[in-house]
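Trainee: I'm new to this structure and would like a close look at one part of it. Could you walk me through a sheet and what surrounds it?

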Amino acid sequence: MSNSPGTLATQRQQLASHPHKNVWVSASAGSGKTKVLTDRILRLLLEGVAASEILCLTFTNAAATEMKERIRLRLEVWVTMEEAELQDALEQLVGTPPSAALVQQARNLFWVTLVDAFHIYTIHGFCQRLLGMCGGQQEVPLDFRLISEVESRQLAEQQLEMLFEDEHLTEGATFGALHQHVTYNTFMELTQQVVARKSLFQDLFYNYTRQELEQNLADFLHLQDYEGATFTPTAGVEEVFNTIKQRGTATEQTRAREVLQALQAGENALEALKPFFYTTTNTLRKKLASAALLKKAPQLEAVLTNMATELEQALEAHKAHTTFAITTELLQFIELFLKRYEEAKMAQRVLDYEDLILKAGSIATENETLNWLMYLLDQQIAHILVDEAQDTNWAQWRLINALAATFFEPAAEEKAAPKTLFVVGDHKQAIYSFQGTSPEVFNNLRTFYTQAATHIPFESVAMDVSFRSLPLILGFADNVFSNAALLGNTTQHTAYFTQAEGSITLNPLMQVDEDDSPHERLAHQVAADIKQWLEKGKWLHGRGRLLAASDIYILLRQRGELMDGLREALHQQGVPVAPADRFNLKDQLFYKDLLALAKFAVNQTDDFSLACILKSPLFGFSEERLQQLCINRDVPLWPQLQQSDAQEAVAHLEQVLAWRSLPPGDFFQHIIHRFRGAFVAQLGDNYDEHLTQFWDYLIGFQQQASSQSLESFLAWEFLQSPSLRQDNANADGVRISTVHGAKGLQAPVVILPDTVQMPKLSPAWVADVDRGVFAYSPRKALSPTPYMAENDHEKSTLLQEYYRLLYVAITRAEEALHVYGATTKEPHEACWYRVMQAAMPGGEPGQIGDADTFKGVAPTEPFAPVARESGRPPWLNPNAAPIEKVFQAANDFLLFLRSDKFGGAAVPCVAARFDFGHHQGAVLLAQNVDFTKAAVHVGVDNAMSSAAQLFGNSLFCLRAPLFAHATEWRVAAWLCRY
């Protein structure tokens, strides 16, 4: 048997998708992770497992949607395949020639899955469904509403302000050390991180008493070593520093004088001596005395050395005790804050995203009164598939463990089908530590399940064959991460494609003057290069066409100035740019226009809002015309406009004022309808999408606000910061996003411009639930040695995630990678640019491969239908109608839809019964159709005859992509008998 990459990949995919095995898959980037997931589900269905017994947990809604679509398309193709083709497809899936029963089961699955729905969710989506089934338990309101991150942050800020303002809310707790060392802004930052990591603190407070936490903290800081220790220098301090004041250098004399003055002022020796021995960065000075001073007073060398040692020990004790005091108070504060935050949510009957996981986990593991629910779920869920397992945190795994608790026990009956767990992930792509995930969680869980699954042992499958990137890209990634310190281990990929073409381009580092903006220089350079590529006409051999703007993906570490600059620079160059994958609704011009109209409706003296409206595309006033109206500043703009010659604008605005007493939803609906032409011109192809986002935003107000007035909407809107996501994966134009946003996506050409800046490595605290340790220090000067050591370990962990982010970025590229960098000073040797430079030949900027002509790989459609010009499948009804009759019937039905008789009068020829027969192709008529919506759209009764519904479905099918390559007789056969 061949040992080619394709053969090896197929064998591993078949092993991973085996329906009777527990499997743990480590899947490198581009190795077909989604295909294996769908293969696993299909093989379970072929074994007779009901779709409702399969639970698949994905990371994003987009991934869940893609998986459902892939399964649906595969089942569509199986229904229509020739017998021999279907046998080949099934053999490729299962690894052995299929039986006749398996072939028949494959043909039946499309119809079966229409009735039995798939359970493919994000883990948050599944938890929301679970909580919806058991509202009223575990402090879950029956009618709970899920709040956004913005609302959660605002609620947390409100509770923090209340804690600071109302001393009675502290319930007797004192926070002297916190108030002394922690600013209010730092408190704000801490509380936001506490809300984001509630599971950490719930684990700490649940598993340990406060006394245990304090004792663990004392042990961690080695407080027992400092009991009763006070700083009493062995030498006479005043005598020593009087000598230095008399014989030292000018600088030494000044420092000695300051020490003596501090002692005379009553300051303790520890604080008085610290400036003499330590620098402003709190490090011990390399030289405690100058050579000139030691020549005059040689006895000072030993004295100062001993004093420095004593001082260092005293300062370490002081840091440990201060950290202990701050941390114990902070734990009290966090416990109190979380209590108030939870009470506020219960009062408003809302949950945040972290609640979905925590409360669902509590229901699944702790609440004995809900055993019936777990029993019900256990009866429904027989197979669990976990996608992107490296991005699953401990709290989420606890829920999965509870759901799979009985999976690893012998079946109650010998003939009972085994329950299985399938996990797929890649520790190299773990980039969500801010959500509590880490490669250690992924690897530790693999060990846990391997030990737990004794009845059906876990299969460990490594998938490292990439179906995405050319060998040049993968080889470069291997070179970059050949240093094990970067990712925690070395990487080695295998390319499915054997072409050696492609390119890696490391552009020379741009040195920018301190007065200039590196981001601006980068944006203009990248935009100019892209324009040149498109004008020059780079050829993509794999695509069989010229490079298009949509083939280019720009990836950044984070959002900010560079992202905005790139979009602006590309627009200036005339290069198409795809819509942002994430945007703030308040930044959109159409929203600003709607808001200005609402503000004017509420307050006609708001000249600024009225001026914005007049200059907007809704009215299109020029600057000069607006200035003429505003000459008399003593009179509001609205009366002047009413007396001007702009009576058409006045009429529109008077109508707006007539709607001001309506609820916000009705008000904006009238506004959008009246100015629809201007909004369509302004938004273009994004009109429907942006308006949908706006209506969703407005619904959020309607669900929360007690008063449904325009004034209350404006007051609510002022506090919001709506960050919205949109799918731009298939949009025309250059795509720009963060690396996090590009997870699971790819492009022929990937650009990395943001490669010089190092991340901010500053863990908020150090915590270890297993040891029951939590410690916090607000700054380095107060941090004792054990804390700094643990903090350094956390920083090292964050640095590794910085490199894992680079791994994700590089492996998005199919055939070309372009790297840029700009800086005002020498970049850090550990930055992305320097790491990639070290992987280049000679360790210098340059180019590998041909960047002008890419000879990449054609994109494959794994489930695309095959065109067949002859040969009628034996399972199709041989009595299918002639194509002329089918289209005549379709025409009659369309005329009927448009007629006045559609509601209840006698039905013309289409009222005749449509006999679908018993052939398998008939099930295609039910795909992806909601004919009820069509009926509502044309204003007819929902209660339609069965014949009309089915024929409407058949008309929809004619337009489906599945029929793109079908011949006419096949269309006729698939439709129905007429």
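Mentor: Happy to. Let's start with an open sheet built from 6 strands, which run in the order 18-15-19-22-11-24 with mixed pairing. At its edges sit strand 18 (735-738) and strand 24 (846-849), each of which pairs on one side only. Going from one strand to the next, the twist averages 20 degrees. Keep in mind that you're looking at a predicted model.

Strand 19 (residues 747-752) pairs with strand 22 (residues 813-819) in the parallel sense, over 5 bridges. To find one of these spots on screen, pick Leu752: its bridge partner in strand 22 is Val819. As background, strands of a sheet pair through backbone hydrogen bonds, in either a parallel or an antiparallel way.

Helix 21 touches strand 11 (503-506), strand 22 and strand 24, and its direction makes about 55 degrees with that of strand 22. Helix 34 (residues 785-810) also packs on the sheet, touching strand 15 (552-556), strand 19 and strand 22. The direction of helix 34 makes about 145 degrees with that of strand 19.

Next, zoom in on Arg468.

Arg468 does have polar partners, though. Its side chain makes a polar contact of 3.0 Å with the side chain of Gln746. The side chain of Arg468 also reaches the backbone oxygen of Thr811, at 2.9 Å. Setting aside neighbours within four places in sequence, the residues in contact with Arg468 include Ala29, Gly30, Phe497, Gly744 and Leu745. Also among them are Arg812, Ala813 and Glu814.

Phe337 is buried, with a relative accessible area of 1%. Not counting residues up to four places away in sequence, Phe337 touches Ala156, Gln159, Leu160, Leu163, Thr191, Val194 and Val195. Take Gln159 from that list: it lies 178 residues from Phe337 along the chain, yet their C-alpha atoms are separated by 7.1 Å.

Definitions and conventions:
Residues numbered from 1 in each chain as written. Predicted model: local features only at pLDDT ≥ 70, side-chain atom pairs only at ≥ 80, totals over all residues. Heavy atoms only, no water. Polar contact = N/O pair within 3.5 Å; in protein donor to acceptor, adjacent residues only side chain to side chain. Contact = heavy atoms within 4.5 Å. Pairing = 2+ DSSP bridges. Helix = DSSP H or I, 4+ residues; strand = E, 2+ residues; numbered from the N terminus. Axes fitted to C-alpha atoms, helices over the stretch in contact; angles between N-to-C directions. Buried < 20%, exposed > 50% of the residue type's maximum accessible area, 1.4 Å probe, protein only.
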